[in-house]
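Open the model in your viewer and keep the selection tool at hand.

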Amino acid sequence: MKPHGKMRSAFEKGGRFERLWPLVDAAETFFFRLPVRTAGGTHIRDAYDLKRMMMIVVVALFPSMIFGTYNVGYQFYASAGIPADHLACVLKGLTVVIPLYVVTFAVGGAWEVLFALIRGEEINEGFFVTGALIPLIMPPTIPLWQLALAVSFGVVLGKELFGGTGMNIFNPALVSRAFLFFAYPKSISGADVWTLTGGTVVDAYTMATPLHLGIEPKGDIIAHLAGNGFDFWRMLWGLEPGSIGETSAIAVLAGAFILVVTGVGSWRIIVSVFAGGAAMALLCNAFAPSPASMLALPAHYHFVAGGFAFGAVFMATDPVSAAGTNAGKYVYGFLIGLLTVMVRTLNPAYPEGMMLAILFMNLFAPLIDYTVVRLNMRRRGRRAAG
Amino acid sequence: MANYRLKKGYDIRMAGGAEAILERAPFPESVGLYPADFYGMTPKPLVEGGERVRIGTPLWRDKRRESLIVTSPASGTVAEVRRGERRALESVIIRTDGKQHVAASIAPPPKRVFSSARAEIIGALCAVGLFPLFRQRPFGTVADPLATPRAIFVTAMDTAPLAADQGLILKNHEQEFQRGIDVLASLTPGRVHLCTEANTGDGSPFAGVQNVEHHRFSGPHPAGNVGVHIHHVAPIRGVGDILWHCTVQGVILIGRYFITGAPSFEVTAAVAGPAAARGRHVATLSGAALSSFAEASKAFPAARFISGNVLTGRNIGPGGFLGFHDNLVTIIPEARTSVFLGWLSPGFSLESFSASFISRLMPRRRFAIDSNRNGSVRAFVATGIYERLLPMDILPSFLLKSILAGDIEEMEKLGILEVTPEDLALCEYACPSKTDIQRMLRDGIDLMLKETRETE
């Protein structure tokens, strides 16, 4: 710590570059666990802090990042009909994923720093997770300038206007995605954006995602999917077109394991999203007019299709925008799963319902908590009276 | 007799527990008392520097209730009446003469301890300065001598980190304890609840105590907190529903006064902590100078001396004095070194409630925890951690939010009457946003107290 001591003082209160203090502070606390002592309150503090919590989420995203990178390359070569080895797939994937991350962190980081400097607050690590998430929920074909706009929208309107990390109502990463969905729908919906192609696509390759195929199935829906190469196991592993990080349910589950074991992600939410999805899928199955309807798609197909698993594990569990009470988490998660399957099956305009279901429930999370809190008050009141 | 098995909570794995041996400490050259130990009292000093005092000489009294006084635990000379900001009384320090004369004004206590003699007993306890050993719920203030408590709780267990051995405190004082219990029973129309550790096998030193309703609690900290006991045994019904509580040491002091007829402030305290030179139990005086019995290990160039435990105690420095209600002095190393990329380490050697540290797989390991804050202060994030650390039907994060909003009605409905800062101290320890939860709760309780006193 000594060598930069003299320079450091220029940035402290009263120094020449006082306004830039948050930058120095961010760098220092990033690299060092500083010997800041407790004062007032407890004399010792848990070694756990928000920085570590955020890091765990990023680590849990690694499997999806790695698989997603590989899959982008794999789909590229598959669509062109060129045989390619694993290394080539990864390298091709990196040429797509690295620019997306560079743009996301440059733009998002700049906003984050700007707001911290204006407020004179410490730069906090919240954008770490948002920034790691955003490229993974984008199609590989997204234009970089649109991504930059989306990140700006997500960070500024989704988070900073509410007061920064911890204060936002909606999940900022999903706000970014929703922005694109409504502002540039051609870039993030339809059948053609989910694979990066070299221009020519061989006949044997299906550009549409399984969910897109489900809009107008020809014959039995499972057979229809399988006919296009999407059997359950392939969808589970994730070698299919889609948003970069969402395709592999296996990679997502590996992340879920990390989140649940470390206690960082709420298992209550994850489990109840799946439970809600299963309940709605079973209900739809019961009322399906024919096997050739999206309503007939069984629950386990819903789980591995599109962003269901990714949303349940990484988006719905965001502690800031989710319900905060334990009882509320069950309701919140269940309704997300239920709404997702409902949108997928009953609304042909939107083949995927995960993003909107989570944003919708983000909005209702405070109401759910309010109800749980009132019930707690009533129970406590009765106990005191008795 | 009832058993309560609590699951929520956490035992911090801290190194430096006091050995289960009891020594007599050298008689302290000075004793000191802090008004901060008497929450709810507004002190008006009754002595000046240089004045001679004896055991039981009033040092200050409460401005509102004149009978509530704090007295000297030793005979000697007032060395200093220390004042802090806005001339608020900070401490009274007495240089002892070792003679331990009792003040002439002290009368022997009533011989018969029946409820018919209640007023007389309270008067006697107030006069010798033993009455502040009672604290009161709601709010955790020093008890009000004019109130009649629905019940009295005696907390005979302590689950806080490195807590003193309650059995050692009781040892050789069993008769005094029983006599004290009988005195307590005369002060309430209700019951005296004795709450002890359930996992002591058949050898509980409190098994033979009479005239009480015995409750056994098991579980991690804060299962030993009186707030938790009250919540499960006889929950607070409202602002006017008053309960008193007392520690084992307090009951012994009261019993001793009723047996010997003269006040004595001799107590048993533990010296513990990773930076303590010799962790052990000592017999000394309430308010004794730490220098007479607690010393930091030479291995730690900077150490913090805490009267009480690491969660709720006060940093009083090596020149400080044992707090009025405390039976523990904890000495911990001060944080001194930076750790490169500390938040990234797998965490073999760091204590944490979070399973994101490998150390969580080592339940038997003990850690020499220092005073590092371990992170920067951040906004509240609903991580669900608080909820796992409070074994009560209370939603801590929503209670705290109602306090931040200053909404008294909500605070009451969400359970502020049932908790004091010590009950949420563990949440503060584990909070990843490093928020000052105890401070917040204290502010909320201050506000409640102000409102209720205004309507009195």
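Predicted model: local features only at pLDDT ≥ 70, side-chain atom pairs only at ≥ 80, totals over all residues.

The expected span of a helix is 1.5 Å times one less than its number of residues.

Select residues 326-346 of chain A. This is helix α16, with 21 residues. From its first C-alpha to its last, α16(A) reaches 30 Å, close to the 30 Å expected. Colour the helix by burial: 17 of the 21 residues of α16(A) are buried, so the helix is mostly covered, where buried means that 20 or more other C-beta atoms lie within 10 Å of a residue's own.

Next, colour chain A by its domain assignment. Domain 1 takes in 13-31 + 51-200, and domain 2 covers 266-381. Their C-alpha centres lie 25 Å apart. Where they meet, 12 residues of domain 1 of chain A are in contact with 12 residues of domain 2 of chain A. On the domain 1 side, the elements that give two or more residues are α3 (50-80) and α7 (172-183) of chain A. The largest share, three residues, comes from α7(A). By type, the residues on this side of domain 1 are seven nonpolar, four polar and one charged.

Now move to chain B and select B:His281, in strand β17 (residues 280-285). Is this residue buried or exposed? B:His281 is buried, because 25 other C-beta atoms lie within 10 Å. Show the residues that B:His281 touches beyond four places away in sequence, among them B:Ala18, B:Asp165, B:Leu168 and B:Thr268. B:Leu168 is 113 residues from B:His281 in sequence, yet the two are 7.9 Å apart in space, C-alpha to C-alpha.

Notes
Residues numbered from 1 in each chain as written. Chains lettered and ligands numbered in written order. Helix = DSSP H or I, 4+ residues; strand = E, 2+ residues; numbered from the N terminus. Buried ≥ 20, exposed ≤ 12 C-beta atoms within 10 Å, placed from the backbone. Domains from an automatic or database assignment. Contact = placed C-beta atoms within 7 Å. Nonpolar A, V, L, I, M, F, W, Y, C, P; charged D, E, K, R; others polar.
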